[in-house]
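Please read this briefing alongside the sequence and the 3D view.

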Amino acid sequence: MIVTLLAGLLLFLPALGACQREAEAPPAPFAMTEEAMGRYCGMNILEHAGPKGQIILAKYDEPVWFSSVRDAIAFTMLPEEPKDIRAIYVSDMAKAPNWDKPGADNWVDARQAFFVIESDVRGGMGTAEAVPFSTEAAAAAFVKDHGGGVVRFDAIPRDYILEQQAGSDAQTPSGEVD
């Protein structure tokens with residue numbers, strides 16, 4: 001009897017492990033629509049140039065939208081924001097049509113992306129941006145044109161994201177001065 005129970009338990013355990021791994025898989029990103037409003041600015045995110053972000057929390061069926069990648073990363077660093085994050089997606093600028101129209105459904109997992117920081121471009125909210133790419137080669141090509149350096153998500157300096165950005169003569173990739 002005990003042998004039969006143990007054999008049944010051994011057959012059940014792999015199935016339980018598979019269910020648990022399936023439950024841990026991050027949800028797919030949402031397509032950006034005209035209803036997407038920025039968490040911090042309260043504005044339609046389509047009205048801003050540059051890469052965007054979305055965070056999917058465990059307790060909601062809709063993403064939290066961000067007008068800039070910098071804002072999305074800040075959300076993960078701020079102690080007062082929820083920590084039940086299931087997924088963080090950012091615009092994949094390697095696949096973006098252009099800076100003004102970063103794309104509605106070309107998302108990359110932020111934890112897998114390559115970010116260009118300290119470049120000469122400004123994000124959609126007029127501040128320094130962490131420009132995301134799905135490949136290191138695309139990020140390196142951006143650095144050649146706009147300066148800065150390439151880092152991974154966990155290496156983005158907290159001060160770069162959270163400190164107030166002073167105005168400068170930074171440009172958008174189209175060459176316009178902010």
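The points below are grouped by topic.

This is a predicted model, in which local features need pLDDT of at least 70 and side-chain atom pairs count only at pLDDT 80 or more, while totals for chains, interfaces and linings use all residues. Residues are numbered from 1 along each chain as its sequence is written, and side-chain values use heavy atoms, with hydrogens and water left out.

**Strand β1**
- Because five of the five residues of β1 (residues 53-57) are buried, this strand is largely enclosed by the rest of the structure; buried means under 20% relative accessible area with a 1.4 Å probe and protein chains only, and strands are DSSP runs (E, at least two residues) numbered from the N terminus.
- Gly53, Ile55 and Leu57 point one way from β1, whereas Gln54 and Ile56 point the other way, and all are buried.
- In a regular strand the side chains alternate between the two faces of the sheet.

**Pairing of β1**
- Strand β2 (residues 64-66) runs antiparallel to β1 and is joined to it by three bridges, where pairing requires that DSSP finds at least two bridges between two strands.
- Six residues lie between β1 and β2, which form a hairpin, and glycine 53 has phenylalanine 66 of β2 as its bridge partner.
- Strand β3 (residues 85-91) is also antiparallel to β1, with five bridges joining them, and alanine 87 in β3 stands opposite isoleucine 56.

**Threonine 127**
- Threonine 127 lies in the loop between β5 (114-117) and β6 (131-133), and is buried, with a relative accessible area of 19%.
- The side chain of threonine 127 makes a polar contact with the side chain of arginine 70 at 3.3 Å; such a contact is a pair of N or O atoms within 3.5 Å, and within protein one must be able to donate a hydrogen and the other to accept it, with residues adjacent in sequence counting only if both atoms are side-chain atoms.

Terms used: Helices (H or I, at least four residues) and strands (E, at least two) are DSSP runs, numbered from the N terminus. Buried means under 20% relative accessible area, exposed over 50%, partly exposed in between (1.4 Å probe, protein chains only).
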